[in-house]
Amino acid sequence: MNALREDEFAEFFEQVNGCRPFQWQIRLLRFVLAHGRWPDAITAPTGSGKSSVVDVHLFVNALHSCESGPRVPRRLAVVVGRRAIVDSHETHARELRKELRKADPGSVAGRVATCLARLRSGPAGDSAFEVSTLRGGMPTDSNWIDDPSACAVICATPDMFGSRLLFGGYGSTPAAWPREAGTLARDTVMVLDEAHLNEQLLFTARRVGHLQSAAEVPADEMSVPVIQVVATTATPATGDRYSVGVERDDLSIDSTLRDRLEKPKPIELVETRNWPGARRPSRNYAREIAEQVMRKVAERDGVGTVGCIVNSVFTAREVARIVGDSCGDEAVILWVGPMRPRDLESIRDSHRELFTAVDDRDREIRVIVSTQTLEVGVDIDLAALVTELAPGSSLAQRAGRVNRLGRRDRGDCVVLLPDSVPTASTGPYQQDELADGFEWLKRRADDPAGFAPIRLVDDPPPPRARRRPVLSRLELGTAQYLSSTSETEVGDVELDFWIRDDLRDNDLGLGMVRRSPLPVDDIDALALLRATPIVADEIYPVKINTARDVVESVIRTARQPFARVFRERAGELEIVDLSGLEGIEIRPGDILIVDGEHRIVDNQVITARDGEAPGDTAWAARGRFAEVFVDGHAADWITLRETAEAMYDARENPPEGMADDEAVQAAAERVLKSRCDTDRPVRGTVPPLPDDQSTRLGWAVVTEVDADKTDEETRQVWTGPPVPLQKHRIAVAECARELGRKLGLSDLLADVLYSAGLLHDEGKRHSEFQRILAAQPGEVLAKSGARDAGVPRRRRSGVGLVRGWRHEQLSVVYAAAELESTPVEIRDLVLRLVGTSHGRGRMGFALGSTDVLAGETQQWSALAAELFDEGSWDELMEATDRRWGTWTCAYLEAVLRAADCMVSKEGS
């Protein structure tokens, strides 16, 4: 294969996007290649194509892979504080991945795909690079940490990215926090969109980069770059040393960009006496907005789509209703952030032309009504815009959707505003930013060019006043404390001080799900929910305050037994204590689940009041699972009865050599599989079998068996077939060393990873742990050969290991003896990686030397006592932090754990 060349970028860009890159996008590529790093800032007006950072990221990594470019970060994190834009970046990345997948191997795009795939250590499959989304209310996505050597694009909100960078990822487990922090702090470039709205995160992320340089480790040992931070703005910033962006001279070359930036967008101001101020917007106010929308529709004579962007979901719903009554519901789309991904995707699928920035093609859609969701990130070209007063930066973004491609002569913008300067906050906006926007808007309306982006470079929107007088500075001692993720009190640390500009919680996100039918019994309902994990498509994104209102509504108005709420947090499901509202704890990243009968949805949006009658709440999980059977449906009951009969028979007459519980499970699966239209291996999940055979079986679930999707903790004891310890330890060691080499680590660190891989599971040799794995005499296993992951978990209760016993703690004892003659700095790092190889031990272990030895291998008593009774382990952790750096240690842990996961997924 011919090596890629820098001058092929334009051809690559055109092949995957259908258009040539702008001059500033080419300059960005050349900057990264010339400096081996990204600039501090990207300055480009609205409509300039800032999403192309993904294209540049892929191309420079492909150049490095074929030895035609410098070592650059493997991961690109595009971070922005709006859910819809996060999803839009994800859509763009997935479209690029699709284009690479189908590209001719000999084309530039095909060669880029081949080069990117060569970066990986794990199997590439049909994916040249990974795409992951991190935002509130979404199931945990770990694709970006599974193979640190792979090129990846991460689309994230500030709180989700920042919390992971600081060892406390919202929505993820404490055991995962070190992997996430290390992986983001090394080999990642964060592009922070709308950086002026996220100054604290910008400051913190750059500070993390600076703190890593304070470690004692020689630079040549860690060629993997520390986190690089890029701020994107519409206008040049003063504090950035290196900046790349649109320049005036570009417009003489890029005619398309010139049309986008120079075509006038005149502003018409409409004063209203119904301005809501601090009150909830009225229906009269919504009608006034709707009248302006219908006026613009009439002026356009049905050609093109008129956009209406308002400040609240309530106003958007009301405007959509009124305009729909006038123009016909089929001609109006409601598009707001709190809609489920499945609903938004359904709209996209039905109106592809509308969402591909091809003007005047989707003539049946006269109006699209939205909240801030439509301000940026959505590839749409509006014929005209009706909006209400907002901060200047928001208005400029909204106007960026009008005549987006510059193909029309002009793009009219109508703005409703009060007759005097606002004196109160409204919706998500503060009074001061509304007042500043009011004055700026009056000035812009006098210019015939109005919102034309090029004119806003000279007269930019007023900056938002800083919500915090002083930004919080992260210190090394605080970072080391945050990294002690094995201590439960770390969960109480307020990470927002280092992440958010505005410390109010009303903007934080979580998710809500409706499921029906759920069993009446709460415990039974929890078991069914665990058997059918939440999928992204069924989640309604909501803000914390809205979620609290909904929970209050459920408590006060729901009929028993459905006055209940279930919560999923970091993969754990529980029922929420509803004894008093003040006692309900809700965090960013939580997912709340309620019964489908509650009237909490209106126009596909969660609302605490005025909800519509419950609609179809069929299990969204059916896209992932073969089938879900729930009592209450005739067809399901037939299957449930047959399943129960087979289970009772198996319990009474288990096959020879098979335990009762395994026989019952096997019988259930035989019946359930016969009812499913699938050729894939499946596993049946059923509730405990009632003692009384007259009791009805409430539900059953059939899922596809896929060891790749099992969680990391489960893979420590089970992957399907039995795996000898010797085979596993060698496979992990070799995989870890290969990962280190592909990442560019020094030979020393690659050898450290190899040694840690060899020793990380030695504690599994303990005879009681081998009983859990059901090892035969003379056999030492790393993984059980049980038919499912539940069998080793059930066996654990019958062995002589105290609660909290961890095999990796015993592995440290064995490793310390093995490495006694190794130089102390290397020895300590290997021991640290062994002890933290599953996310524990990062500030000590729960057990002392006697319990960890558990009556066996007493010849190691003195060494175990020194480590875990006398404080040597704590000293070792502090010493490695000083020597290698807090995030660097976490990064090396992430590499070792990734190797372990890769090997386990392969069944080794």
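Let's start inside. The largest cavity holds about 130 Å³ of space. A cavity here is a set of points, on a 1 Å grid over the protein atoms alone, where a 1.4 Å probe fits but cannot get out. The points are joined across faces, edges and corners, and the volume is the space filled by probe spheres set on them. Lining residues have an atom within 4 Å of a point.

At least two lining residues each come from β3 (130-134), α7 (158-165) and β16 (566-569). Helices (H or I, at least four residues) and strands (E, at least two) are DSSP runs, numbered from the N terminus. In total, the structure has three cavities of 30 Å³ or more.

A word on the model. It is predicted, so local features need pLDDT of at least 70 and side-chain atom pairs count only at 80 or more, while totals for chains, interfaces and linings use all residues. Residues are numbered from 1 along each chain as its sequence is written, and side-chain values use heavy atoms, with hydrogens and water left out.

How confident is the predictor? The pLDDT, its confidence in each residue from 0 to 100, has a mean of 86 over the chain, and 89% of residues reach 70 or more. Residues 620-624 fall below 50, and this stretch has 14 contacts in the model beyond near neighbours in sequence. Contact means heavy atoms within 4.5 Å. Where pLDDT is low, the predicted coordinates should not be read in detail.

Now the overall chain. There are 32 helices and 25 strands. Of the 908 residues, 60% are buried. Buried is under 20% relative accessible area, exposed is over 50%, and partly exposed is in between (1.4 Å probe, protein chains only). Among contacts with a separation of 6 or more, 75% join residues 24 or more positions apart.

On to cysteines. How many disulfides are there? Zero, in a search of the whole structure; a disulfide needs two cysteine sulfur atoms within 2.5 Å. The sulfur of Cys 115 is 4.2 Å from its closest cysteine sulfur, in Cys 66, so that is too far for a bond. Cys 115 is buried, at 0% relative accessibility. Cys 889 is buried too, at 0%.

Last, the backbone. Most residues other than glycine have a negative phi, and most peptide bonds are trans. Glu 67 has a positive phi of about 60°. Asp 187 has one of about 65°. Exposed or buried? Glu 67 is exposed, at 75%, whereas Asp 187 is buried, at 0%. Glu 67 lies in the loop between α3 (53-65) and β2 (75-79). Asp 187 lies between α8 (177-185) and β5 (188-192). Finally, the Ser 516 to Pro 517 peptide bond is cis, with omega near -5°.

How values were computed
1 Å grid on protein atoms, 1.4 Å probe; cavity = no way out; pocket = protein on both sides within 12 Å on 5 of 7 lines; lining within 4 Å. pLDDT = per-residue confidence, 0-100.
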